[in-house]
Amino acid sequence: MDSLSSAGPRRPRDRLGVRSSGSRAAATPWARFSAWLECVCVVTFDLELGQALELVYPGDFRLTDKEKSSICYLSFPDSHSGCLGDTQFSFRIRQCGGQRSPWRADDGRYDSEAPVTLQRESAHYFGYVYFRQVKDSSVKRGYFQKSLVLVSRLPFVRLFQALLSLVAPEFFDKLAPCLEAVCNEIDQWPAPVPGQTLNLPVVGVVLQVHIPSRADKPESSPLTQCGQENLLPAPLVLTSVHELDLLRCLQPVLTHVQTLWELMLLGEPLVVLAPSPAVSSEMVLALTSCLQPLRFCCDYRPYFTIHDSEFKEFTTRTQAPPNVVLGVTNPFFIKTLQHWPHILRVGEPKMSGGLPKQVKLKKPSRLKTLDTKPGLYTEYTAHLRRDKALLKRLLKGLQKKRPAGVLTTLLRRHLLELTQSFIIPLEHYVASLMPLQKSITPWKDDFLCSLEHAGPQLTCILKGDWLGLYRRFFKSPHFDGWYRQRRREMARKLEALHLEAICEANVETWMQGKSEVEVVDLVLKLREKLVRARGHQLPVKEETLQRARLRIEAAVRSLPQDLQAVLCPP
């Protein structure tokens, strides 16, 4: 059943240094396809083998045995879910065996211009699943069971769900020929360039999407129907490539969204036990997106099973629970993960008096191995007070059936402003210390002292123990991730400013009296900066790069002929 057993190494993709980007698609098989997807998998149920990998496309994409096993098990709901009909959900797995997809020049450009929350995964794969289970008397087990899975490094859950909803029904009817045609269509798509609105044709439909950019303003809707008059049929416009309906996903936990935001901010271990992979994966993705524009730096698994290769690692009691958010559907995890500090049990969405039924806050001691009732089981006490006015507006809006988009925007804006109010004082403080600050340890107390006159209270109405929340944040993986990201950005900015300063300086005057070694050192360092700048790793203008080239030429001309020949070989 496994079509990969004899697969050879994957065909090489683009590398930095390809001279003509225009010939890349022709020279490199599947270059455009691989800008969006790693591969497409078909998983079926075999009576002898269980879940089995039936097909992988392109056929030469190499997966390790561990990755194959994970994809097979995670592409099917477990027996406790009882999913009949069509179901969509997603998972995230750790890549095994190191980097196997050669780095593409476009990847560097994309990551440098995309929001940090939407950068490509370097060590994980996302799996976007469309699962069908229907009665079929022609099959021995009496049911047709098959999953179509898109494997990607991009967290574009909305886009890939929309793509699957178009492709999967066609595939289940026509099978392999349809899949090959779809992959060939994707191989004609333009690359995902941040800031651009793209038209993506597939199975007779044009998906129109906007690829978010760092330059986009938060909560803006930059998507316009570009060139729609020339498109027949009219495009299917997606308002976002990645944002889920936050209100729908978080409906059962609206009363505790403040507490859950804090748990996410602090990178606390959390288990989400849900009735199906769809509910599980959407809840996990919604929770981890609550920190935008901060990147979620901890591990998270939208759907996780006992067959996963990291099962023992995550469930061991010999060490503290890892900083990970796990979405599960098997009640067995209640017993296995009883030592975890926070467990969120959600059921099927229920309404009471026109309102979504809310889970209650409960002590972990009330957890039962079987038949655990919905609730947030934790000893954690929130540092900030609940925004009762927001909760009232959301619940009243739901009761009066206000447009879901309006309420989702209200909730998303609240979480965005909350995160920004928390992080802006840190941003200002670090900016005032760079570039002289070399260590993060000495300034923590100074920063805490500055909160009285420049803290979150300037932009956020919520009251509470902000100081205590910051103290815990400093010990979390998200502080480390945020600080490393800011330090990298500041280092790139300083390097760019240094390059501009060199270009504005009189290099000829500087070289007077300098040794040949010093001049050669200048040439080599300027060349290194040019390479970094061309790879979009330094924020500099083309004019600056041209001036840097002239400075290099001037420095080389000042050297003896033999050194010139070494530095500029024919």
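Is Asp65 buried or exposed? Asp65 is exposed, because its relative accessible area is 61%, where exposed means over 50%, buried under 20% and partly exposed in between (1.4 Å probe, protein chains only). The structure examined here is a predicted model, in which local features need pLDDT of at least 70 and side-chain atom pairs count only at pLDDT 80 or more, while totals for chains, interfaces and linings use all residues. Residues are numbered from 1 along each chain as its sequence is written, and side-chain values use heavy atoms, with hydrogens and water left out.

Confidence comes next. The protein chain has an average pLDDT (the predictor's confidence in each residue, from 0 to 100) of 82, and 83% of the residues score at least 70. Helices (H or I, at least four residues) and strands (E, at least two) are DSSP runs, numbered from the N terminus. Over residues 1-27 pLDDT stays under 50, and the model has 58 contacts beyond four places in sequence for this stretch; a contact means heavy atoms within 4.5 Å. Residues 224-229 also stay under 50, with 10 such contacts.

Asp65 belongs to helix H3, as does Lys68, and the two lie three residues apart, about one turn of the helix. Their side chains meet in a salt bridge (3.6 Å, N to O), a term for a side-chain nitrogen of Lys or Arg within 4 Å of a carboxyl oxygen of Asp or Glu. Lys68 counts as buried, because its relative accessibility is 8%. The other buried residues of H3 (residues 65-74) include Glu67, Ile71 and Leu74. The buried residues of this helix pack against five strands: S1 (39-46), S2 (50-57), S3 (85-94), S4 (124-135) and S5 (143-152).

In total, the structure holds 22 salt bridges. One of them joins the side chains of Glu38 and Arg153 (3.5 Å, N to O). Glu38 sits in the loop between helix H2 (33-36) and S1, and Arg153 in the loop between S5 and helix H5 (157-174), so this pair ties together parts that are 115 residues apart in sequence. Glu38 and Arg153 are both buried. Asp299 and Arg301 are likewise buried, and their side chains meet in a salt bridge (3.0 Å, N to O). These two also take part in a salt-bridge network that links Arg92, Arg94, Glu121, Asp299, Arg301, Asp308, Glu310 and Glu313.

S6 pairs with strand S7 (residues 205-210) in the antiparallel sense over six bridges; pairing requires at least two bridges found by DSSP. Val202 stands opposite Val205 in S7. The two strands form a hairpin with two residues between them, and Val203 in the turn has a positive phi of about 40°.

Helix H19 (residues 542-557) has 16 residues and reaches 23 Å from its first C-alpha to its last, close to the 22 Å expected at 1.5 Å a residue; the expected span is 1.5 Å times one less than the number of residues. Its buried residues include Leu545, Ile552 and Val556.

The structure holds zero disulfides, a disulfide being a pair of cysteine sulfur atoms within 2.5 Å. The sulfur of Cys178 is 9.3 Å from the closest cysteine sulfur, in Cys183, too far for a bond.
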